[in-house]
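Dear colleague,

I am passing on a structure that I have been reading through, and I would be glad if you could look at it alongside my notes. Please open it first and then read on.

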Amino acid sequence: MPQPLYQRKKRKKKKIKRTPHAIFSRRITVLSGFFVAVCMVYAVILISLQAKGNAYSIYKEKPSVPAGYTVQTVTLQAVRGDIYDRNGKPLVTNVYAYDLVLHHDPFVTDQGIAVRNSSLLTLLSYLSTPEAGELTEDSFPLAGIYPTFTYNDEARDGNSIVAQRLDKLLSRLGLSQKTTAGALAQYYVKTYSLDAHLDGVPLYTGEEITKLIRLYYDMDLCRFGSDTTEYTLAKGVSASVLAANKESPLRGVAFIVRAERVYHYPGYASHILGRVGKIFAEDWEYYNSLGYPMNAIVGVAGCESAFESILHGVDGQMQITKNEQGQTVSSTVIKQPIAGQDIRLTIDIDTQMAAEDSLRDQLQRTGLKKGAVIATDPNTGECLALASAPTFDATLFNENYDQLASDPASPLLNRALSGLYFPGKLMQLCTGTAGVGSGLVDSSTLWVDSGVLKVEGYTLLCPMLIQTDVSHGFINASTAIVDKCDIFFGKLAQGLGLERYASYESLLGFGQKTGIELSEEEGRASSIAKDNEAALIKAALGEGDTVCTPAQLCSMLSSIVSGGKRYSSHLLYEVRNFTSGDVTQKTQPTLLCEYALSGEGRTLLLDAMRDAMKQSGRLEGLVEGLNTLGVQAGCFASSVPSGNGGTDHAVMLAYSTPVVFLSDQPLTGICVAVIVENGGEASVAEPVIEAVLEQWNKG
């Protein structure tokens, strides 16, 4: 029987006597294992660095350079891709300029305040003329010359950018929000020894102190030394500035090549193209995860932002070694930059200009301010033109930002994609399409229009009865579309029923985004209670709660012209290699949905719209002129409620499409939606429709 545990005696371990040879062998084994482990660790590090393309980091952190020499690693900005229209016309390209940059450690940490002040004054002397370069600081809150300072008008305006930046900086510096202009100036004077004397004589004049305070204030705004190690002192510096610094080099000063965007059609397509700028604070985490440096220039709006990953490329890095005098002794590219790719947009710049010019001219003639135009290819979803008024000039965006942001007309709003409007009688086109598509009506259908239709206390009147005291009597679908007969479409809505009508609203894109790459609103489809026939009829006539964008109206019309196929709208036509020009990506049409619409039904709808266009005194000649080119055109127009009690908006939808049997090489079809806010009669939109269709069909 085994002994209990508490009664067992502990056994002594037998001591093994090791010989000197065995001890030495064991140590060799342990050391060998340790050496192998260390080698494996370094191997893993090297493999990891090479896999990430950052093997140079080892040398960057501990450069092997003589004592007193400094090594800087600067960013080599990748060339940003260019933007062209569908035909290869340049819209946005690059021009290259030099920026004067200060690197924090060699300029600040490795130099005393006196040397730093002297260097800044030397650099300012290089930049004494506008041709020499442009200082980046632009938010200085003080007015006057040291020691007499007051806060300027912008600083006293609590809503201005200058005032907001001042408040944030005072808090960050630990200064009171009630700090006077003089006290703020004294903070910088004491911090940077600007009141220093030599043999009883001040080192700096009042004007020099003022200049230095401006620069140090701006450095603090940019968080130089805390959030960023580079500070751009001036942009677009001249060759003379580069030469002056090369002759008498200053420590921590560098010049980097910057690609600046050039807009070839200033003031046009601004809502489409967008702009580039520094990374917004709220977006930094995202861009940091992609490997962007903090001072990277990225697309911040429009296509520049939507296609950032294509246009940007990959920045490179260069290692610069300088001697004790600040002279560059060597420079090595340690990571080659990779240029971004070029893109072609679906936009036709000539049609775009015609849309913007005609809309602006019509607004000026009528004394109105707001409107939008959008044109698409019905067979692909390609956006051919997109205009919004009032607009802005992207080349002047930064200097005009405050004015643009505070303008009650909201020029920064892209009304073609994000303006929400009631469709009014334009919904009758949706209802008519549902009737034709579902087989309820065709070209031979005749219904009786007695002049009045009452449903659940809701009364409809025939528009002919209102104008001439005589209703249509027997009416077909074509006449109903041309005259916008409420009686016909009210009866059609009854025949369709809620479920079938709602399905066509969805098929035609109401309450859904068009798919375009820019920001857009999705609007709202009709909300109709079940068994509420009056609400159904109101929705079918455009008197419900549906709201939509001009882009959605254009998408609806495009689906009719294409024979029941609704494509996703898009702006990206193709991507090309920056160097070779080879096409690397081409956007294919994306079918969002398809609904039944026979060739006969499509012809009925398009012919009715052609007849409607012929009734317009202004557009009748356009119909005939296009017909000689083998092109059919038509429109559907209405004034729609503004929703705010003001004058109705003028809205017009139009199309032109080849009549195949009249042309061996037909032109591409186009669908256009135009809205003139508070324009009243729909005819106000006619000059814009005319200009866009004429320009598109020139070719």
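Below I describe the chain as a whole, then its cores, some helices and some strands.

This is a predicted model, in which local features need pLDDT of at least 70 and side-chain atom pairs count only at pLDDT 80 or more, while totals for chains, interfaces and linings use all residues. Residues are numbered from 1 along each chain as its sequence is written, and side-chain values use heavy atoms, with hydrogens and water left out.

**The chain as a whole**

The chain holds 25 helices and 28 strands, where helices (H or I, at least four residues) and strands (E, at least two) are DSSP runs numbered from the N terminus. Of its 699 residues, 47% are buried; buried means under 20% relative accessible area, exposed means over 50%, and partly exposed lies in between, with a 1.4 Å probe and protein chains only. The chain exposes about 34,400 Å², of which carbon and sulfur atoms supply 52%; this area comes from the Shrake-Rupley method with a 1.4 Å probe, and for residues only the protein chains shown count as cover. Among the contacts (heavy atoms within 4.5 Å) with a separation of 6 or more, 72% are between residues 24 or more positions apart.

**The cores**

In soluble globular proteins, nonpolar side chains tend to be buried together. A nonpolar core here is a set of buried Ala, Val, Leu, Ile, Met, Phe, Trp, Tyr and Cys residues joined through side-chain atoms within 4.5 Å. The largest one has 88 residues, and those with the most contacts inside it are Ile343, Leu345, Ile374, Phe488 and Tyr501. Helix α20 (residues 486-507) gives the most to this core, with 8 residues. A second, separate core has 45 residues, including Leu127, Leu169, Ala181 and Ile213. If neighbours within four places in sequence are left aside, Tyr501 is in contact with Met427, Cys430, Thr431, Leu496, Ser526, Ile528, Leu536, Ala539 and Ala540.

**Helices**

Is helix α17 (residues 427-437) enclosed or open? Since 11 of its 11 residues are buried, α17 is largely enclosed by the rest of the structure. Met427, Cys430 and Thr431 are among these buried residues, and the buried residues of α17 pack against α20, α21 (533-540), α22, α23, β26 and β27. After α17 comes Gly439, whose phi is positive, near 85°.

Two of those partners also pack against each other: helix α22 (residues 550-561) and helix α23 (residues 599-614) meet at an angle of about 125°, with their axes 9 Å apart. Axes are lines fitted to C-alpha atoms, for helices over the stretch in contact, and angles run from 0 to 180 degrees between N-to-C directions. That angle makes α22 oblique to α23, because angles under 35 degrees count as roughly parallel, over 145 as roughly antiparallel, 65 to 115 as roughly perpendicular, and the rest as oblique. From α22 the contact is made by Leu557, Ile560 and Val561, and from α23 by Arg602, Leu605, Leu606 and Met609.

**Strands**

Two strands pair if DSSP finds at least two bridges between them. Strand β27 (residues 649-658) is largely enclosed by the rest of the structure, because 10 of its 10 residues are buried. Both of its faces are covered, with His649, Val651, Leu653, Tyr655 and Thr657 buried on one side and Ala650, Met652, Ala654, Ser656 and Pro658 buried on the other. Strand β26 (residues 631-640) runs antiparallel to β27 and is joined to it by 10 bridges, with Val640 having His649 as its bridge partner. Strand β28 (residues 670-676) also pairs with β27 in the antiparallel sense, over 7 bridges, and here Ala654 stands opposite Val672.

β19 pairs with strand β20 (residues 458-461) in the antiparallel sense over 4 bridges, and the two form a hairpin with 2 residues between them, where Glu456 in the turn has a positive phi of about 50°.

Finally, 3 strands form an open, antiparallel sheet in the order β1-β13-β14, whose edge strands, β1 (70-76) and β14 (328-335), each pair on one side only.

With best wishes
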